[in-house]
Amino acid sequence: MKKPISIKLNGSVRAVEIEPSDILLDVLREKLGVKSPKIGCERGDCGVCTVIMNGRTVRSCLVLAIEADGAAITTIEGLQADGPTPLQQSFIKNNSFQCGFCAPGMVLSATELLAKNPDPDEEEIKEAISGNLCRCTGYEPIIKAIREVARNAPKSSRGKRR
Amino acid sequence: MAIAHPFDYVKPKSLSEAIKIMAKHGDRARIIAGGTDLICLMSDGAVKPDLVVDIKGVSGLADISFKGGKLRLGALATFTDLIESKLIRDKFPVFAEMAGWVASNGVRNRATMVGNICSAVPCCDSGPILLVYDATVLTKGPKGARKIPLEKWFLGPRKTDIRRGEIVTALELAAPKKKHAACFVKLRRYKGEDLAQASVTVLAVSDNTFRIAFGSVAPKPIRGASIERRLKGFPLSEERIKQAVALVPKAVAPITDIRSTKEYRGHMVGVMLERGLRAAASRLQGKGPKYGEELI
Amino acid sequence: MSDPFKFVGTDAQRIDGVDKVTGAAQYVDDLDFGPNLLHAEIVESPHAHAEIVSINTSAAEKVPGVVKVVTGKDFPYTFGLYMQDRYIFAKDRVRFVGEQVAAVIARDPKTAKRAAALVKVKYKPLPFVLDLKEALSSHASLVHPNLANYRHVPWFFPREKTNIAHWRKTRKGDVEKGFAEADVILEDTYTVPRYAHCAIEPHVIVGLYDLAGRLTLWSASQSPYTQRNVFAEAIAPFGLTHKDVRVITPYVGGGFGGKAGVSMEILGVALALAVKGSPVKVRWTRAQEFYNTYQRQGVIAHIKLGAKRDGTITAIDHTLHWDAGAYVEYGANVVNAVGLSATGPYRVPNVKIDSLCIYTNLPPGGPYRGFGYSEFGFGLESHMNRIAQKIGMDPVAFRRKNAIKEGDTLAYGAEMNPSGLHEAIDRVAAEVEWGRKEESENPNEVIGKGFACFWKAPAMPPNAASAAFLKFNEDGSVNLTVSGMEIGQGFLTVMAQIAAEVLTVPVSKIRVELPDTDRNAYEWQTVGSHVTWGCGNAVRAAATEAREKMLETVHRALGFEKKDLYLENEMVKCRTKPDFALPFKSFVINGIQTSHGNFLGGPILASGMFMPEFTSATGDPETSQGGHPNVHYTVGAAAVKLAVDKATGKMRVLKAVLGVDVGKAINPDLVRGQVTGGLLQGFATALYEDIRYSKQGKLLNPNFTDYKIPTAKDTPVEIVPIIIEVAQPDGPFGARGVGEHTMIPTAPIIANAVEDAVGVRIKTMPVTAEKVLLALKGIDYDDVKGDTMGLCFMDKAENYKFNVGAAKGK
């Protein structure tokens with residue numbers, strides 16, 4: 001039985017018809033045209049399906065689309081209104097990714113981290129991205145890029161650590 | 001994998017509405033909170049409810065509060081809520097320590113402690129922590145409210161004492177009257193996220209009582225009563241620690257599976273108990289190790 | 001020493017970086033095919049070995065939304081890269097748990113999944129072989145009774161009426177004499193179980209057999225041209241040939257060998273043919289990724305090594321029995337490659353290697369980063385340590401004494417290429433402070449160090465070619481169309497840097513296009529760490545041809561002598577006329593206007609092709625002598641400083657050092673990326689990746705919950721990559737490949753470090769904390785692990801008999 005839902009996706013309200021058994025990841029990709037969250041394991045183990053839902057990263061393979069009715073969802077497509085963010089630029093400059101499949105999820109996990117904790121140390125960075133599996137890079141250049149953007153952030157954007 | 005079987009979905013606005021629905025449908029309906037367990041079960045086809053009941057629309061279920069010496073954890077409190085709660089970090093930091101080792105941030109942002117104990121898998125991390133604090137499971141159902149002590153909650157792997165139509169609303173536990181500190185040690189295959197192959201929780205109270213709970217080394221989380229008796233009333237010494245560790249083989253019943261052997265699990269419980277006892281005692285003195293630090 | 005190059009040898013920014021970080025990069029599953037896209041669900045065998053008695057598809061066909069149900073009867077054809085032993089769908093019998101038996105094609109994935117559950121297959125179970133001892137016994141159930149009739153490459157030697165799909169024998173000198181000359185002999189057995197690639201992107205393919213009869217595949221593949229070739233051969237019975245088949249490969253989310261060749265992709269081909277006019281997608285779940293693509297084969301290896309008191313190795317007898325799975329069309333070449341090179345990078349005068357590819361009723365083995373060298377390296381480099389100890393010699397000094405040099409004779413008679421192995425050994429030993437015993441601040445821990453050498457050659461047929469097309473655009477930018485694959489290693493960027501160096505066009509103005517067999521030039525496969533070398537040569541040739549055409553055009557139109565012309569900063573300049581500078585963009589499309597007003601020249605196009613014409617696979621079947629099967633070896637050394645907690649067995653990699661001779665690092669940053677990534681992937685196989693099968697041949701952990709791959713928290717404390725450059729004479733700017741090599745030494749350096757730290761020698765992989773701790777307590781892990789297994793061998797290693805004749809009861 002189809003049900004209409006409404007999601008605020010990357011700033012735009014999108015209405016779509018879904019079935020209760022539809023997974024958010026599949027609806028984002030197939031019905032809403034957002035391809036950056038990927039399908040990797042469909043069990044919440046690998047992190048490539050990560051999206052930001054109501055301000056927090058979630059594994060969209062473990063969310064029913066209907067649970068997202070009324071929610072605000074951000075994917076990396078929505079972060080780039082003014083071009084790649086400083087974090088993304090740091091990833092590009094540092095050659096942080098190889099095959100790139102884990103990149104969208106990593107960007108979002110790192111974005112969430114820096115929003116909560118603008119000056120994370122290496123352990124905190126590793127913890128924040130530990131749910132995003134990367135098979136290619138060994139993580140070093142990803143961690144390096146996040147640390148650089150944290151250290152280079154203007155002082156005014158550094159809030160208190162919660 | 002798509003969820004192949006169709007189901008209906010409701011999001012009740014009140015607890016009484018939710019209870020009515022659950023009572024009506026019994027085990028044809030399933031509650032979804034964080035969904036991180038249920039969705040996997042449905043994708044595998046292991047569970048095929050006709051109706052999924054989303055209780056995230058019921059207000060007041062997510063609070064973490066401390067009143068009258070009692071900690072109350074709402075059913076919708078997520079593992080991230082535990083980690084970020086100042087109340088938890090100040091008064092019950094071991095809950096945050098445990099939560100930090102559950103899965104990863106994207107899962108913790110959704111998964112709930114109550115969901116964890118409702119799944120009742122032998123390796124659940126929340127069970128031992130709650131057990132060591134003698135927590136109570138609060139439920140509301142068509143026949144009214146119940147308070148179930150945690151040791152009576154787990155009936156076996158994936159089996160709890162929940163009754164038809166009942167919904168867990170919160171967990172409650174009394175803070176020990178004296179100063180206390182705790183330690184949660186989780187055996188994993190590496191530093192990344194992993195289900196517990198064994199876990200040890202130690203609660204040290206300043207009147208020289210210790211409460212010990214074990215996870216993933218029995219069909220359900222268990223207390224180490226014999227070890228608690230041996231330690232009770234004495235300050236922790238090398239000799240006492242040795243005696244406690246010597247009681248481990250009879251206190252736990254690990255199995256051999258693809259994750260670990262019973263020999264290794266059994267051995268590691270002893271090491272984890274030793275290190276956990278030292279850490280809890282040290283924290284009681286206001287010293288380290290920091291909560292969240294790796295001890296094994 | 002300043003680098004004479006401007007683009008080669010620099011840490012250029014990846015040209016695909018923006019695509020991947022912004023989400024613009026499209027992988028196969030991201031492509032849109034419209035509302036007509038159909039979805040497939042596969043029906044799989046629950047048995048390791050069984051006859052298919054009947055398949056009833058009627059209930060499935062009746063489900064609304066189902067378009068077609070397909071079985072082996074519709075596609076009774078075999079395929080394979082090096083041997084055609086594999087069926088598109090199991091025909092008559094199934095050979096491993098999970099093998100495809102039928103497929104439902106439907107309008108949406110859920111309908112396909114529901115209908116697939118309604119396909120009724122009746123099986124008659126057959127005796128199955130999971131155990132190598134069983135597989136080789138005289139009464140063994142044969143996985144392929146028809147082995148004698150399979151087509152295969154001429155350098156494979158199957159033994160008919162057995163489960164031995166291929167037996168590579170290498171014989172050099174006289175091992176009996178060599179052992180007689182030895183002062184010290186050491187013999188032992190090592191086992192390495194299967195491993196899974198775990199690329200984060202699962203396999204996926206979309207096929208469209210359009211109404212005009214043209215078949216197009218969009219495939220997540222390392223090998224578009226080889227896929228097209230295998231597809232064309234497989235479907236030749238339908239009257240289709242290469243001109244009717246097009247393979248397009250967008251970005252790939254990791255390969256590691258698992259997306260080389262053809263595994264599940266054949267289903268995209270078959271199902272497309274079944275529903276002419278509609279595109280159909282076959283996307284693997286993570287579980288299928290584990291049990292129905294390729295796995296790294298398991299091996300049990302027996303090494304007998306002899307050496308003189310002064311450390312000179314006199315002889316090696318290395319026998320390897322491989323658990324190769326139900327189909328060995330690709331995996332048999334892994335066995336072959338090892339059979340030629342299982343001496344390791346050492347000078348050994350007397351060599352006997354027997355490498356046997358053995359069928360088992362388990363998922364097919366196939367190419368995995370390292371192609372057998374990691375598998376034999378575990379045993380060999382552990383053994384090198386142990387025999388050095390037996391002689392009383394330092395393990396690094398022992399390796400250095402025997403390290404192979406340029407010109408030395410290889411096991412199969414050819415000569416070793418230039419290589420910096422000695423430099424690698426020395427620099428790695430220095431960096432890890434070899435010989436200095438270190439203490440941990442943690443009183444529970446002891447620190448040990450482990451060392452190993454490694455080498456690997458690309459394992460290719462003797463006619464594996466690369467090619468490149470090059471064209472300019474109006475703005476002076478360049479398109480390179482090649483069919484090497486960007487699987488993450490940085491291939492596109494490195495090709496751009498090579499072209500940039502020749503043409504003086506900056507890397508940012510060079511686009512390297514992903515493969516399309518209709519438009520891009522040929523590449524055999526992106527495997528073997530060879531494309532920097534092979535395709536790099538082709539790109540250099542194409543760029544050189546383009547330069548030549550540009551100079552020719554300027555000469556013809558403006559009269560300059562070609563010998564006085566050169567390129568600089570995207571301009572043609574003249575040594576004898578310093579004020580002459582003609583920008584590329586002024587003529588690379590439109591030509592140069594002469595004084596008479598007409599235009600000479602036109603669009604600058606070029607091509608390049610590289611074929612290693614000096615290789616051949618003509619070695620003697622009984623000795624492997626003769627021919628030149630391997631183009632060259634990349635060599636190196638690695639070491640680890642490891643902390644071991646004696647109470648828990650848990651290990652921490654404090655420092656990992658790896659030195660590799662890449663000939664010329666076209667992009668040092670990307671080389672370092674291979675070192676970091678490869679070391680972590682390798683350490684994972686050593687420390688916690690652990691495949692487990694049931695006694696019925698079912699894979700018990702086809703997921704990341706129970707097959708653990710590294711997270712960001714599992715990284716070594718420090719990694720030191722050391723780039724060594726002893727030029728490869730026939731490589732572009734001296735370059736050699738490096739992608740696989742960084743994994744190869746990881747397991748033995750861990751095992752060696754564990755022995756150094758706590759005195760236990762672990763001879764079976766993985767070397768887990770659990771295994772180490774139990775060993776410290778005097779418990780053999782094999783005695784307590786229960787009845788699941790990673791290697792197709794149920795008994796303990798020391799009970800395995802390598803004499804094939806003995807196993808057959810002779």
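A polar contact here is a pair of N or O atoms within 3.5 Å; within protein, one atom must be able to donate a hydrogen and the other to accept it. With that in hand, welcome to this predicted model, where 29 residue pairs are in polar contact between chain C and chain A, both residues at pLDDT 80 or more. The tour below starts with that interface, moves on to chain C against chain B, and ends with the aromatic rings.

**Chain C against chain A**

- On chain C, 53 residues are in contact with 43 residues of chain A.
- About 3,800 Å² is buried between chain C and chain A, and 54% of that area is on carbon and sulfur atoms. On the chain C side, the residues that lose the most area to chain A are V21(C), I200(C) and A712(C), which together make up 17% of what that side buries.
- Eight salt bridges are counted between chain C and chain A. In K713(C) with E127(A), which form a salt bridge, the closest N and O atoms are 2.6 Å apart.
- Two helices of chain C, α1 (17-22) and α15 (668-687), each supply at least two residues of the side that touches chain A. Helix α15(C) gives the most to that side, with eight residues.

**Chain C against chain B**

- Here the contact takes 32 residues from chain C and 27 residues from chain B.
- The area buried between chain C and chain B is about 2,500 Å², with carbon and sulfur atoms giving 57% of it.
- Between chain C and chain B there are four salt bridges, along with 17 residue pairs in polar contact, both residues at pLDDT 80 or more.
- On the side of chain C that touches chain B, the elements giving two or more residues are α3 (109-116), α17 and α18 of chain C. Helix α17(C) gives the most to that side, with four residues.

**A closer look at D706(C)**

- You will find D706(C) in the loop between α15 and β30 (719-724) of chain C.
- D706(C) counts as buried because its relative accessible area is 11%, and the cut-off for buried is under 20%.
- Two arginines of chain B meet the side chain of D706(C): R259(B) in a salt bridge of 2.6 Å, N to O, and R189(B) in a polar contact of 2.9 Å between the side chains.
- Neighbours within four places in sequence aside, D706(C) is in contact with R189(B), I258(B) and R259(B) from chain B, and with D690(C) and N701(C) from chain C.

**Helix α17 of chain C**

- Helix α17(C) spans residues 769-776 and is mostly covered, with six of its eight residues buried. Those buried residues are A769(C), E770(C), K771(C), V772(C), L773(C) and L774(C).
- The buried residues of α17(C) pack against elements of two chains: α13 (262-284) of chain B, and β28 (634-645), β29 (651-661), α16 (746-758) and α18 (781-784) of chain C.
- After α17(C) comes G778(C), which has a positive phi, near 80°.

**Aromatic rings and charges over rings**

- Over all chains, the structure holds 32 aromatic pairs. One of them joins F95(B) and Y133(B) in a tilted arrangement, 5.6 Å centre to centre with 35° between the planes.
- That pair links distant parts of chain B, 38 residues apart: F95(B) is in helix α5 (residues 93-100), while Y133(B) is in the loop between α8 (126-132) and β6 (136-141).
- F95(B) counts as buried because its relative accessibility is 0%, and Y133(B) counts as buried because its relative accessibility is 2%.
- In chain C, F96(C) and Y327(C) form an edge-to-face pair, with 6.3 Å between centres and 80° between the planes. Here too the pair links distant parts of the chain, 231 residues apart: F96(C) is in the loop between β6 (93-94) and β7 (100-106), and Y327(C) is in the loop between β16 (313-325) and α9 (331-341). F96(C) and Y327(C) are both buried.
- Ring pairs also link Y82(C), W155(C), F156(C), Y294(C), Y330(C) and F371(C) into a cluster.
- Charged ends sit over rings as well: that of R240(B) is over the ring of F234(B), 3.7 Å from its centre, and that of K304(C) is over the ring of F179(C), 4.3 Å from its centre.

Methods
Residues are numbered from 1 along each chain as its sequence is written. Chains are lettered from A and ligands numbered from 1 in the order in which they are written. This is a predicted model: local features need pLDDT of at least 70, side-chain atom pairs count only at pLDDT 80 or more; totals for chains, interfaces and linings use all residues. Side-chain values use heavy atoms; hydrogens and water are left out. Rings of Phe, Tyr and Trp (its six-membered ring) pair if their centres lie within 6.5 Å; planes under 30 degrees apart count as stacked, over 60 as edge-to-face and the rest as tilted. Buried means under 20% relative accessible area, exposed over 50%, partly exposed in between (1.4 Å probe, protein chains only). A charge sits over a ring if NZ of Lys or CZ of Arg is within 6 Å of the ring centre and within 35 degrees of the ring normal. Contact means heavy atoms within 4.5 Å. Buried area is the accessible area (1.4 Å probe) that two parts lose on being put together, summed over both.
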